[in-house]
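User: Could you walk me through this protein and its aromatic rings, one step at a time?

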Amino acid sequence: MAKFLPTASILTIVILLLVPLVFKLDGKPHADWQQFLGRFHVLAVHLPIALILLVPLLEIGGRFRPGLREAAVLVLSLTVIVCLGTFTLGYLLAYGSGTMGTGVTRHMWGGVCFTIGVLVCFLIRPMWASGRWPFSYPALLAGVLLMMTWTADQGGSITHGNNYLTEYLPAPLKKWPGLRMVQAKSQLVPGSFYAEHIDPIFDANCVACHSEAKIKGGFRLDSYNLLMAGGHDGAVIIPGHPEKSILFSRITLPYEHKKFMPAEGKPPLKPEEIAWIKAWILQGASPAVTSLAGVVIPHGYKETALPQVGDYSGMMAQISQIDAAPGVRLVPVSSKLGDGLILNTVDIAAKFNDAQLAQFEKFAPYVVDVELERTKVTDACFDTLGKFAHLRTLNLSGTAISGQNLAKLVPLSQLTYVNLSGTKVTKAAIAPLLSMQNLHHLYIYNTPAQTASMPPSQQPTTRSLP
């Protein structure tokens, strides 16, 4: 066994070095089973860290209790085995999901070096224990701990971004050399709608998976030029055509859809963010324009906390029955009941009408978001919508409404977002909405009410709270 160990160790090291060269990360997704197994990497990765940190403590304690050094040998051997398994899972995750980038590459090679370092520590420890190589083992163990720290930092950067540890540093510390992690994006046009509103959405929700450090799908969103270049599936933005743009399609898919973005369990974009992206694409996806027709956003606007809805747990059987049938769905905003429900009609938009909407009146106290885009509802829908006391966002874009009865929305004190783009609403019809102090986002693009040619002070638009 003792003679076989060096040969097996050398073979293991050779395999570790060859795997990234033979199975190159090409940025293309592979087998689903690879991703399934690979996702256990995020659970397993903490085990070798805990074990290797325990080794020096046992070695030090062994000076006073010799039995602890025997435990150190056991823990070190377990660390070798766990490192090999964790590296395998991590590589399956990157290779199977088609993830690449500088951060992924650094994390991968850090894992290779860390695993090899732990294995070599295990091999030379007997010589150190016998007094033949007095400083080799402690020095190598210290180097392994440093490599583990660097590798873990690279892994954290992939998940949370390069500035995760430095984002909230005190201002004086951010000025230190080497700590200025975030640099201005030279390609952004100052004051443009893209720089002020679109890029921040991508930066907060998408760049963690689509940047230089981590590239999924073969495309990046950390600059305008790279965004427009697209990825493995071609262009993700088709100027003037949001319905043909892959990016817009992905962010508007049902939350549980396999290709929904943002992925990996991240919350969906806010309705106003989706509306901004759609309007930006529809009007040319320019990096330079400073405003979009029918969309004006007040400076200094801040979201305010809204009251929670009631407990609808007693209606879960009815909600499940609705969700089991094809078509309209009632989707929880989150795992907290108090956050309310979303009435989603995407899958049945072409058939959903006023009568069907009226059937959901019994859920009115718990619905906070109503998505009626491209449905068959008419102005009669406001008779029902006016009873949704906790309604916060309402999307009526692409419907046949003319704006009659819009005044029935005025009593809805929590309504902050209304999208009327692509409808027949007029300036006179939306006048009641302009009196609502709580309404911060009103979209009237491609409607008779659109007043792009009027001065900003006269445009019917959003406003901040007084």
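Predicted model: local features only at pLDDT ≥ 70, side-chain atom pairs only at ≥ 80, totals over all residues.

User: How many helices and strands does the protein chain have?
Analyst: Happy to start there! The chain is built from both kinds of element. The count comes to 16 helices and 6 strands.

User: What percentage of the 466 residues count as buried?
Analyst: A residue is called buried when its relative accessible area is under 20%. Applied to the 466 residues of the protein chain, that gives a buried share of 44%.

User: What kind of aromatic pair do Phe 23 and Tyr 95 form?
Analyst: Their ring centres are 6.2 Å apart, and the planes make an angle of 80°. Planes over 60 degrees apart count as edge-to-face. So, with its 80°, this pair is edge-to-face.

User: Where in the chain do Phe 23 and Tyr 95 lie?
Analyst: Phe 23 is in the loop between α1 (4-22) and α2 (32-38). Tyr 95 belongs to helix α5 (residues 67-97). The pair therefore links distant parts of the chain, with a separation of 72 residues.

User: Which residues do ring pairs link into a cluster with Phe 23?
Analyst: The structure holds 12 aromatic pairs. Ring pairs join Phe 23 into a cluster with Phe 87, Tyr 91 and Tyr 95.

Key: Residues numbered from 1 in each chain as written. Heavy atoms only, no water. Phe/Tyr/Trp six-rings, centres within 6.5 Å; stacked < 30°, edge-to-face > 60°. Helix = DSSP H or I, 4+ residues; strand = E, 2+ residues; numbered from the N terminus. Buried < 20%, exposed > 50% of the residue type's maximum accessible area, 1.4 Å probe, protein only.
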